[in-house]
Amino acid sequence: MTDARLQALERYTDIHLCGCGVLRCAPRETQGPTISGAYFLCCAAAGKGRVRTGDASLALEADRGVLIAPNQGYSLEADEFDPWTLFWLAFDGASAGACLRALEIGAEPFRCDAAALCSLAEEAQRLDAPGPENEFLLQAQLFRLLACLARRVPGQAAQPAEGKESQHVRRAAEYIRTHYSEGISVADVAAYLSLNRSYMTTLFQRVLGTSPQEYLARYRLARAEEHLTHSDATIAAIAYSCGYQDPQVFSKAFRQRYGLTPAKYRAAAAQKGTDGG
């Protein structure tokens with residue numbers, strides 16, 4: 001006996017997955033500019049960044065996404081101090097527009113459960129191998145991704161409470177951004193959160209794809225790079241202001257990150273500004 005409700009379901013007969021994945025970005029890391037060859041969705045799972053399309057620039061933060069239409073130019077840029085982990089999905093087909101209308105996804109940014117989307121994308125990547133079984137499973141994974149997006153369309157249930165793991169990482173990142181100049185260590189961050197250091201490291205790797213030590217170092221060096229470019233403070237003063245007790249340790253870390261010593265980086269930035277002016 002056929003269920004009448006099933007007979008009324010919308011049938012998306014022409015839709016196919018072009019690709020999906022998760023990008024864990026470094027500060028100011030960019031993708032593009034490029035032109036989308038299909039419907040392209042990107043959602044921030046953690047951190048912040050900007051999506052640029054033409055003359056428009058849209059800031060995205062955790063659990064926010066944007067749609068880029070086929071043949072539209074775009075570029076992605078991670079935030080300098082809180083770089084994003086980004087979910088992306090590309091799909092196409094005659095039914096793709098109807099799917100997006102059903103999801104109420106258009107030109108405006110939308111809410112999403114980006115952590116769940118990332119998990120599904122990583123499952124899809126494990127299926128990316130030749131063979132009819134995986135091809136069918138990948139097609140099924142596309143519909144799972146769309147179903148996940150459907151749970152977060154405008155007008156539906158409110159966003160659930162932030163997961164405990166993400167909450168710990170968010171609070172740790174906020175503490176680092178507030179106290180990085182004080183010479184804090186990863187142990188200090190773990191103590192602030194009342195977490196075991198090893199467990200906190202596991203959470204950072206799971207949520208952000210990096211360690212708390214690397215996050216702290218990148219944040220300090222990004223702030224130092226800003227000071228070198230926009231202030232006349234001495235290199236030693238910049239080192240101390242960014243939490244380094246030894247200017248030589250700072251110079252070594254800066255060179256490893258940017259490929260130049262702080263003095264040479266400042267000179268190059270000044271020369272670039274002169275040439276641009």
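This is a predicted model: local features need pLDDT of at least 70, side-chain atom pairs count only at pLDDT 80 or more; totals for chains, interfaces and linings use all residues.
Residues are numbered from 1 along each chain as its sequence is written, and side-chain values use heavy atoms, with hydrogens and water left out.

Helices (H or I, at least four residues) and strands (E, at least two) are DSSP runs numbered from the N terminus. The axes of helix H3 (residues 114-126) and helix H4 (residues 132-150) come within 10 Å and cross at roughly 175°; axes are lines fitted to C-alpha atoms, for helices over the stretch in contact, and angles run from 0 to 180 degrees between N-to-C directions. H3 is therefore roughly antiparallel to H4 (angles over 145 degrees). On the H3 side, the contact (heavy atoms within 4.5 Å) involves Ala-116, Leu-117, Leu-120, Ala-121, Glu-123 and Ala-124. These residues meet Leu-138, Gln-141, Arg-144, Leu-145, Cys-148 and Leu-149 of H4. By class, the contact of H3 with H4 comprises nine nonpolar, one polar and two charged residues (nonpolar: Ala, Val, Leu, Ile, Met, Phe, Trp, Tyr, Cys and Pro; charged: Asp, Glu, Lys and Arg; polar: the others, Gly among them).

The structure holds 12 aromatic pairs, defined for rings of Phe, Tyr and Trp (its six-membered ring) with centres within 6.5 Å. Planes under 30 degrees apart count as stacked, over 60 as edge-to-face and the rest as tilted. The pair of Phe-40 and Trp-88 is stacked, because the ring centres are 6.1 Å apart and the planes are at 20°. This pair links distant parts of the chain, with Phe-40 in strand E3 (residues 39-46) and Trp-88 in strand E8 (residues 85-92), 48 residues apart. Phe-40 is buried at 8% relative accessible area, whereas Trp-88 is partly exposed at 23% (buried, under 20%; exposed, over 50%; partly exposed, in between; 1.4 Å probe, protein chains only).

Phe-254 and Tyr-265 form an edge-to-face pair, at 5.3 Å centre to centre and 85° between the planes. Phe-254 lies in helix H10 (residues 247-258) and Tyr-265 in helix H11 (residues 262-276), 11 residues apart. Phe-254 is buried, at 0% relative accessible area, and Tyr-265 is buried at 16%. Ring pairs link Tyr-244, Phe-250, Phe-254, Tyr-258 and Tyr-265 into a cluster.

Arg-220 lies over the face of Tyr-244, at 6.0 Å from the ring centre. Arg-223 lies over the face of Phe-81, at 5.2 Å from the ring centre. The criterion is NZ of Lys or CZ of Arg within 6 Å of the ring centre and within 35 degrees of the ring normal.

Technical notes. Angles under 35 degrees count as roughly parallel, over 145 as roughly antiparallel, 65 to 115 as roughly perpendicular and the rest as oblique.
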